[in-house]
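Hi everyone, thanks for coming.

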Amino acid sequence: MIRVTRREIITGLGFAAGATALGGSSASPAAAGPSEYMFAAGLNYLNTAALGPTPRYVLDATLKAWYELESNPVMMAYGDGAVHKATDTARAELALLLGCAADELLITRSATSAMTTVAFGIDLARGDRVLTTDVEHEGGTAAWKYLKKHRGIEIDVVSIPPNDHDVTRILARIEQALTKQTRVISVSHVISSTGLRMPIAKIAAVAKDRGILCVVDGAQAVGCIDVDVRSLGCHAYIGTGHKWLMGPKGTGFAFINKDAAELIRPVERDEGVRFVNGSTGVGSLPLVVGLGAAAQALRKQGMAEVERRTLSLRNRAFAGLKTIPKIEVVSAPPGPLATALVSFKLPDNIDSRALRDELLNNYKIVVKVGEKRWFNGNRISPHIFNTEVEVDAAVKAIRTLVA
């Protein structure tokens, strides 16, 4: 049970020195033990890439903001109200994590809504073309498909097979697929099906050389790997708070480079960049405060350390899965292209959904079902709260079930 006292509420919502949450707990990912996460007893959660767990210190910050908001809704939610100002602080924290300016960020309710916001903010017309890949998440393509259906744009798709880890060849295929009508390249930073790290800086450079906008889906990257949007050079970068950032469910964001501000013009930014304004309306302010707490916590630990830890767990899973004869590991081997996601294909006589259910029901292990349009298999995605024992237990259970 979360305990928020009146004293804590009236203390205020500013980031206190040494705290990881807006007026909340001083815990951090580095110091957080098992009790900081609220998993059911005995659950082995290896599915952060689908939805990350919100730790108590983030939930505390969120609920504290919510109590404050309800103490005087109008005065707290608008203008210089304490909770509205706390969302400004949260956006600044997220900007520090991403390496951009706070006024280049738009907070949304998900990565999908952020992608839609960016796509609809580009002046695309019949005959314009968007280049993407066949391994994008549905949330990364829904807006482009809608614009194809209702505005007559065209979508070109580059294929990336599950076991294709040659990013030089992938980049070449992307370049070859460009046309004079291509207005946007929309690709993932980390491919959700296999965890492959894409050469975004090179893709963005190609786009800029040809006067094309580069929009990146970073839902599987932010909080998983170190992301510096300025170094990547893309025009827009989309992310979510409820995966690797372990923020509240229902948070996302869009970075829009100042250099592209006249080319990507979402209606939500028409009256400013603050979370509540005349063109956005009122959103869930407490969730944004929690997002800021989550971003601050990972930034204080250091993304280099987070990445080192998650890659260590992932590489352990990779090595263990490679010893199981009946499965094929399709993720990149340990090295510069790997991230914390590791996926494997199953033989045709074993259904991926059935395996997922058996792991949960018989072993209390949570993994992701691979999308059948990609391959019949499953995905493991450990985060900093996981242990070597949990990874080994998952590999052992998978070996037993596919034997």
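**Rings and their neighbours**

Let's begin with Arg-151, which sits over the face of Phe-120, 5.5 Å from the ring centre. For a charge to be over a ring, NZ of Lys or CZ of Arg must be within 6 Å of the ring centre and within 35 degrees of the ring normal.

A word on the source: this is a predicted model, where local features need pLDDT of at least 70, side-chain atom pairs count only at pLDDT 80 or more, and totals for chains, interfaces and linings use all residues. Residues are numbered from 1 along each chain as its sequence is written, and side-chain values use heavy atoms, leaving out hydrogens and water.

Now, ring pairs. Rings of Phe, Tyr and Trp (its six-membered ring) pair if their centres lie within 6.5 Å; planes under 30 degrees apart are stacked, over 60 edge-to-face, and the rest tilted. That rule gives 5 aromatic pairs. In one of them, Phe-39 and Tyr-45 are stacked, 5.3 Å centre to centre with 25° between the planes. Phe-39 also pairs with Phe-385, this time tilted, at 5.4 Å and 50°.

Is Phe-385 buried or exposed? Phe-385 is buried, at 15% relative accessibility, where buried means under 20%, exposed over 50% and partly exposed in between (1.4 Å probe, protein chains only). Phe-39 is partly exposed at 28%.

Finally, ring pairs join Tyr-37, Phe-39, Tyr-45 and Phe-385 into a cluster.
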